[in-house]
Amino acid sequence: MDGARLTRRGLLVGIGAAGGAGAMYAAMGALGLAPGEQDKAFTPPRKGDFSLQGRAAAKVVILGAGVAGLVAAYELGKAGYDCTLLEARAEAGGRNLTLRGGDRLTELNGPAQAVTFGQGSYFNAGPARIAPWMVTLDYCRELGIPIETFVNRSAQAYVHTNGRTMRSGTARADMYGYIAELLAKATNAGALNRKVTKGDQEVLLDFLRRFGDLGPRLEYEGSGRRGFVKYPTLDAGTPLTPPGTLHQVLAAGTGRAITNDFGYDQATPMFQPVGGMDAIVNRLVEAVGADRITTGARVTGITDQADGVEVSWDGGRIKADYCVATLPPHLLAKIPHNLGEPVTAALRRPVPVAAGKIGLEYGSRWWETDDRIYGGVTETDLDITHIWYPSHDYHAERGIVVGYYNTDQHAELYGALTPEDRRRRALTQGKKIHGEKYRTGVLSSVSIAWERQEHIQGGWVRWPDFDSSFTLLQRPAGRVYFAGDWLTRLIAWQAGAMESARGAVTQLHQRVLRSP
Ligand code: PHE
């Protein structure tokens with residue numbers, strides 16, 4: 001104990017003495033000290049945290065006003081920290097970018113694009129879907145942002161592989177059907193006897209019959225699950241032509257196109273803010289105070305000092321008690337600093353990944369009226385990779401289809417083209433699936449190549465492995481904290497940026513509370 005002030009150590013020793021190691025460990029978790037416990041229950045800093053100690057909240061300079069920087073400022077602001085955000089781009093938000101008519105999208109070494117979408121149309125050029133378990137939804141709730149379902153899986157959307165197009169529901173029914181049949185046959189032939197008991201085999205066969213919609217002889221003979229040419233109404237409808245043979249189904253190559261939503265981060269249902277993803281940015285900026293954000297401010301130097309951090313930018317210099325640096329690591333690595341060579345080396349480890357999207361606005365929602373597709377994703381083995389249909393404003397007059405969403409080499413290929421050529425290529429590819437209307441019906445388009453976005457230069461990053469560089473940067477270097485999706489296992493998700501910001505805020509606040 002230190003006078004009237006209860007130190008953390010004293011508190012833990014006391015809890016340990018009274019409640020044993022388990023209680024002490026739990027308390028450590030609550031304080032963010034036990035491994036793996038930091039993100040369990042985040043407690044935002046509160047003004048009241050200081051009152052016992054008669055201390056004031058510190059001054060913090062935050063580099064980058066993307067989602068990580070904004071959340072850091074928002075949470076620190078709850079306790080009265082005096083935050084200043086320096087943002088190199090013209091707007092806050094970073095990769096959370098929603099494009100609407102009237103916007104202009106510039107690009108490194110490329111022409112600017114004028115966005116001419118109709119009123120009410122929008123295109124989420126960056127993040128566009130949120131899983132239910134992600135902290136992103138908690139921020140939507142807290143900030144009063146209405147959400148709606150994002151259709152990530154649709155039986156009505158298509159798979160286009162090896163030059164052929166079929167409904168994804170049809171492709172699934174055929175793959176599941178034949179897999180079930182094979183496994184049922186293997187079971188009945190005794191091939192699984194050494195692994196599966198007789199009793200379990202009964203259960204397995206019962207499941208396989210349901211899984212594949214198998215016939216009485218446990219053979220796949222097609223299924224209503226595949227869909228219809230004409231759906232049942234007063235009559236039984238008109239079935240599709242029967243499924244191909246097992247060989248034909250395998251040769252169609254649909255297998256890799258029907259597992260996209262299997263991951264824990266892609267499983268249905270997913271969500272999106274009503275009216276555009278940038279609602280998250282707008283509400284955060286409001287809560288933080290737009291006057292705390294200086295845009296067009298490019299950071300040129302970071303100096304950690306005994307009593308604070310000095311950050312210089314192309315329009316001035318600012319001194320704060322602490323710094324939270326949220327820039328992409330590959331850009332941060334180039335800024336002169338005195339944080340040591342290991343920090344620079346660690347920042348250089350993650351490799352930026354190219355990612356691109358095109359928004360195609362159509363004057364009619366033919367995918368709804370003609371194809372009966374309401375949201376969802378078509379998977380392809382073409383360089384466009386995916387086509388997304390809008391999960392909002394169904395039956396409206398116009399709509400925006402995402403004509404490609406690709407990464408790595410495919411994204412680099414499109415990124416290297418002019419906007420007109422990206423569009424031409426995307427339309428040529430999409431026409432293979434949707435026919436001529438896909439090309440002729442487009443009103444306008446805009447494409448983004450994230451690796452060519454100034455001050456961002458990548459869709460996200462990939463760590464060669466989550467090694468000591470990764471953990472080094474999760475800790476402060478002097479008075480400088482790092483944050484961003486790139487410092488989490490939730491890379492390429494806003495939730496990563498948010499969790500990371502919370503981690504930095506927790507560490508910073510605890511340090512302020514215990515500093516003399
Ligand atoms: N979050 C991005 C998306 O949903 C990128 C991503 C894709 C991340 C798939 C993980 C898995 O498209």
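I take helices (H or I, at least four residues) and strands (E, at least two) as DSSP runs, numbered from the N terminus.

**Ground rules.** I am working on a predicted model, in which local features need pLDDT of at least 70, side-chain atom pairs count only at pLDDT 80 or more, and totals for chains, interfaces and linings use all residues. Residues are numbered from 1 along each chain as its sequence is written, and side-chain values use heavy atoms, with hydrogens and water left out.

**Helix H13.** I looked up residues 419-434, the 16 residues of H13. Just after H13, I found Gly435 with a positive phi of about 85°.

**Thr84.** I located Thr84 in strand E2, residues 82-86. Thr84 counts as buried because its relative accessibility is 17%. Leaving aside neighbours within four places in sequence, I noted contacts (heavy atoms within 4.5 Å) from Thr84 to Lys59, Val60, Val61, Ile62, Arg292 and Ile318.

**Ligand.** I listed the residues around the ligand (a heavy atom within 4 Å): Arg129, Asp265, Gln266, Tyr405, Trp460, Ala492 and Trp493. I checked N or O pairs within 3.5 Å. An oxygen atom of the ligand is 2.7 Å from a side-chain N or O atom of Arg129, and an oxygen atom of the ligand is 2.7 Å from a side-chain N or O atom of Tyr405. At Ala492, a backbone N or O atom lies 2.6 Å from a ligand nitrogen. Taken alone, the ligand exposes 310 Å², of which the protein buries 72% (Shrake-Rupley method, 1.4 Å probe).

Conventions: A polar contact is a pair of N or O atoms within 3.5 Å; within protein, one must be able to donate a hydrogen and the other to accept it, and residues adjacent in sequence count only if both atoms are side-chain atoms. The expected span of a helix is 1.5 Å times one less than its number of residues. Buried means under 20% relative accessible area, exposed over 50%, partly exposed in between (1.4 Å probe, protein chains only).
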